[in-house]
Amino acid sequence: QQQQQQQQQQMGGQRPTLSTARSAPSSRNTGGTSMAPSTYHAPSFGTNHAPPPLPPSGPLPMAVAAAVGQDEMREYISPVQLQNRKILLGITVLVGIFACCGYGWLMVSRKMSVYSNVVPDSTVGDMAGESSSSTAASAGRDGGSDYSSREAGLMEILRGIIEPRDAFDDDQSPQSRALRWMVYEDPMKLEPPTSAFETNKVAQRFGLTVLYYATDGKNWASSHNFLSGQDECEWNSVDDRGYFSGAGQCDRDNMVTTVALWQNNLFGRIPAELASLRKLKVLSLYRNKLQGQVPGRLSQLSDIHTLYLHDNELSGTVDHLCSIEIQNFRSDCYDGEGRGTQMVICSCCSVCCSRDRQCFQV
């Protein structure tokens, strides 16, 4: 009995537990195919073992991929290939430089073209600077181009409004210079008019151009867009204070109603061609260097209500303008204490001024 008890105790101490791994069965022959043995892990109780990590199945991490592909991305460049790449890079840089220079030149040329169409050059009207117009005129006369026909057509229309009548016979007269500008230099290239409206527009543009040349326009304090490629209704400007200067304020028929060139360094005589501005209502020419007598044809401006001629060097009489009944009429007609300082005779002026710029309401 004691031996049986000892054998049972020995057998109890060697009893395997559930956590002991069982040996896998050996491979069997199944139709000649060998199957790999599998391992069985028995579940454990009372223990906290983490499951074994799974092998990576996705792409490698970025650092690993970069390290792996760095050698594969390397490219061997021969000295000849390196030299060719340098040459190609140099050509690309030169092409870029030439393209930038060409674009800059194009923009500058466009800017100068726009500027020349808005503001006349300082030599506009200077006979020394009219070589281009003289060349064009010569080419027009000799080559039989449309310049000759346009000049003849415009001259026939304008001959009836110029004063003196033979002004076109003098190449240096303001009227001849104005005609040449309209024929050879004016960007609008007006054709001889075929209607009353076109005739009035041509006469109006001609009259303002004559005023420019007759009063030394190239030395004006401001050109106010005179002799530009725009319509004469745009020959004006407005300063920072809001004051209008130049010619414009046109009505619905595009006829000029205002000419305001006060204190603009006008030097010369008032041309009679201003009478071609038939709808003129305001003519302000004060504080300039205008000389001579006021043309009698200005009495044709029946709509004018404001006429400022004071602070100039005019002479003679302006009584021929009294028939218009001008509401605001100023001239240098004040005789300071009877000392013979009266420069202009005016019996209908609303304000008379003297040489020392003293003005009194009459």
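The structure is a predicted model, in which local features need pLDDT of at least 70 and side-chain atom pairs count only at pLDDT 80 or more, while totals for chains, interfaces and linings use all residues. Residues are numbered from 1 along each chain as its sequence is written, and side-chain values use heavy atoms, with hydrogens and water left out.

Helices and strands are taken as DSSP runs numbered from the N terminus, helices being H or I with at least four residues and strands E with at least two. Helix 5 covers residues 146-158, and its 13 residues should span 18 Å at 1.5 Å a residue; the end C-alpha atoms are 18 Å apart, which agrees. The expected span here is 1.5 Å times one less than the number of residues. Several residues of helix 5 are buried, among them Arg150, Glu151 and Leu154. Buried means under 20% relative accessible area, exposed means over 50%, and partly exposed lies in between, for a 1.4 Å probe and protein chains only.

Helix 7 is mostly covered, with 14 of its 19 residues buried. Asp216 follows helix 7 and has a positive phi, near 60 degrees.

The aromatic residues come next. A pair of aromatic rings is described by the distance of the centres and the angle of the planes. Rings of Phe, Tyr and Trp (for Trp, the six-membered ring) pair if their centres lie within 6.5 Å; planes under 30 degrees apart count as stacked, over 60 as edge-to-face and the rest as tilted. By this criterion, a search of the whole structure finds 9 aromatic pairs. In one of them, the ring centres of Tyr212 and Trp220 are 5.1 Å apart and the planes stand at 65 degrees, so the pair is edge-to-face. Trp220 also pairs with Phe226: these centres are 5.1 Å apart and the planes are at 70 degrees, so this pair too is edge-to-face. Tyr212 counts as buried at 2% relative accessibility, Trp220 counts as buried at 8%, and Phe226 is buried with a relative accessible area of 0%. Ring pairs link Tyr212, Trp220 and Phe226 with Trp181, Tyr213 and Trp235 into a cluster.

Strand pairing can be followed from strand 1 onwards. Strands of a sheet pair through backbone hydrogen bonds, either parallel or antiparallel. Two strands count as paired if DSSP finds at least two bridges between them. Strand 1 (residues 236-238) and strand 2 run antiparallel and are joined by 3 bridges, with Asn236 opposite Gly246 in strand 2. The hairpin of these two strands has 5 residues between them, and Gly242 in this hairpin takes a positive phi near 90 degrees. Strand 2 pairs in the antiparallel sense with strand 3 (residues 258-260) as well, over 3 bridges; Gly248 stands opposite Thr258 in strand 3. Strand 2, residues 244-248, is mostly covered, as 5 of its 5 residues are buried.

A further sheet is open and parallel, with 3 strands in the order 4-6-8. Its edge strands are strand 4 (267-269) and strand 8, each of which pairs on one side only. Strand 4 and strand 6 pair in the parallel sense over 3 bridges, and Phe267 stands opposite Lys289 in strand 6.

Arg297 lies in the loop between strand 6 (289-292) and strand 7 (306-308) and is buried, with a relative accessible area of 17%. A polar atom of the Arg297 side chain lies 2.6 Å from the backbone oxygen of Ile161. Beyond its neighbours within four places in sequence, Arg297 is in contact (heavy atoms within 4.5 Å) with residues including Ile162, Glu163 and Ala272.

Asp311 is found in the loop between strand 7 and strand 8 (313-314) and is buried, with a relative accessible area of 16%. The side chain of Asp311 makes a polar contact with the side chain of Arg357 at 2.9 Å. A polar contact is a pair of N or O atoms within 3.5 Å; within protein, one must be able to donate a hydrogen and the other to accept it, and residues adjacent in sequence count only if both atoms are side-chain atoms. The C-alpha atoms of Asp311 and Arg355, 44 residues apart along the chain, are separated by 6.8 Å.
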